[in-house]
Amino acid sequence: MPASAELEFDQSAMREAIAQALSARPSPNPPVGAVVVNEGKIVARGYHRRAGEEHAEAIAIARAGDAARGGTLYVTLEPCNHHGRTPPCVDAILQAGIRRVVIGVADPNPHVVGGGATRLSEAGLQVDFGVPGVDAKPVIAAWSKFITEGLPYVALKLALSLDGRIATRTGASKWVTGPEARAKVQELRVMHDAVAVGINTALADDPRLTVRDPALVEQYGAPARLVFDSAMRLPVTSRLVQTAREVPTWVLTTLDAPIEAEQVLVDAGCFVVRAPTSAEGRVDVSAALQLLASQGIVSILVEGGAELSGSLLASRLADELHAFVAPVLLGPRGRPGAVDWAGPDTPQEAPRILDPRWELCGRDAYVSGPLSFPARG
């Protein structure tokens with residue numbers, strides 16, 4: 001096969017492995033996808049569906065059967081070489097008689113000693129890292145931050161008018177954006193382990209923060225719900241509390257919040273997590289995120305709360321932005337500020353999406369991508 005044709009095939013196979021990984025929701029494990037190729041054809045696919053279940057490589061190899069012998073395995077993340085809840089994937093690869101392994105990303109886990117790639121190479125397999133033109137790193141961006149920094153990956157979702165308002169002068173906000181944008185938000189929710197709001201949003205909107213599509217829940221699972229509530233004001237009559245026994249609901253509060261209010265929420269089925277208080281008298285978001293990570297929360301979608309979003313941006317803890325801009329004008333007396341923070345001194349100091357993805361959701365503009373913060377002087 002000519003070199004150019006071989007590269008094109010490698011690219012196509014790795015893209016298929018990435019597509020498989022995007023169906024995986026194995027938190028707190030990394031999402032991984034794999035395909036087995038033999039004689040120029042994909043003979044099997046697999047992904048790591050849930051924590052504790054078989055890994056992507058083992059699934060793809062088992063599905064390939066005898067067709068795996070002498071073939072090539074494309075996998076988005078370096079195969080594991082240690083015993084966990086499942087046997088090492090390296091063992092399955094060696095037993096299957098795979099000839100070549102193409103790895104999208106090296107394992108960044110600092111707690112893993114002895115990489116799978118080294119063992120495969122020592123066993124005589126051809127091991128290649130990366131495929132030019134195909135980047136597998138975004139697939140594990142959330143897990144990579146979680147495993148190396150001990151913090152969840154945080155995505156901010158904003159919905160606002162052309163003039164930057166989130167509600168009218170009377171406070172009406174349903175609905176600034178259209179049904180297509182709201183459907184997209186449903187998809188975003190299942191891409192994360194948890195959905196978060198601040199207490200003011202919880203009080204004003206009384207949201208459910210659930211995923212309405214049963215098919216999405218069946219495929220990916222339902223995310224937990226988080227409320228940042230410094231003074232424990234979340235009422236027991238709220239829809240979040242009333243459904244806490246159906247969907248995991250966490251309330252993050254300060255160390256000195258009322259014990260009596262905590263007990264009421266706990267009795268209703270909520271989990272209460274106490275974190276240190278910030279200088280502004282709110283929940284210290286950095287400490288709260290560390291506590292959430294310790295409980296296996298890898299990724300969070302923050303859907304509301306100007307103060308919460310502002311705290312995350314000011315602390316440089318936000319990793320990704322999803323903004324929906326409706327083609328409406330709500331006027332100078334409309335409720336301003338999807339984000340409440342001091343902001344940068346100059347445009348050059350502003351956080352930004354370096355490589356924004358733009359699309360239309362019905363009549364609304366949707367821009368998304370990883371956030372970049374300028375280096376501090």
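Predicted model: local features only at pLDDT ≥ 70, side-chain atom pairs only at ≥ 80, totals over all residues.
Let's start with helix H5, which covers residues 141-149. Which residues of H5 are buried? They are Ala142, Trp143, Lys145, Phe146 and Ile147. And what covers them? The cover includes strand S3, at 72-77, and strand S6, at 153-161. It also includes helix H11, at 285-294, and strand S12, at 299-304. If you follow the chain just past H5, you come to Gly150, which takes a positive phi of about 70 degrees.

Now for the cores. The largest nonpolar core has 44 residues. The ones with the most contacts inside it are Met14, Val36, Ile93, Ile98 and Val101. Several elements give two or more residues to this core, among them strand S1 (33-38), helix H2 (56-64), helix H3 (89-96) and strand S4 (100-105). S3 and our friend H5 are on that list as well. Which element gives the most? That is H1, with 5 residues.

Let's zoom in on Ile98. Leaving aside neighbours within four places in sequence, Ile98 is in contact with Val36, Ala68, Gly71, Leu73, Ile93 and Leu125. There is also a second, separate core of 33 residues, and it includes Ala196, Ala288, Leu308 and Leu321.

Next, a stop at Glu303, which you'll find in strand S12. Is Glu303 buried or exposed? It is buried, because its relative accessible area is 13%. Its side chain makes a polar contact with the side chain of Arg189, at 2.6 Å. Not counting residues up to four places away in sequence, Glu303 touches Lys157, Val185, Arg189, Val195, Ala196, Val197 and Leu209.

Last stop: Val272, in strand S11, which spans residues 271-275. Val272 has a relative accessible area of 19%, so it counts as buried. Beyond residues up to four places away in sequence, it touches Met232, Val251, Thr253, Glu262, Leu265 and Val266. How far apart are the C-alpha atoms of Val272 and Arg316? They are separated by 25 Å, and the two residues are 44 residues apart along the chain.

How values were computed: Residues numbered from 1 in each chain as written. Heavy atoms only, no water. Buried < 20%, exposed > 50% of the residue type's maximum accessible area, 1.4 Å probe, protein only. Helix = DSSP H or I, 4+ residues; strand = E, 2+ residues; numbered from the N terminus. Contact = heavy atoms within 4.5 Å. Core = buried A, V, L, I, M, F, W, Y, C linked by side-chain atoms within 4.5 Å. Polar contact = N/O pair within 3.5 Å; in protein donor to acceptor, adjacent residues only side chain to side chain.
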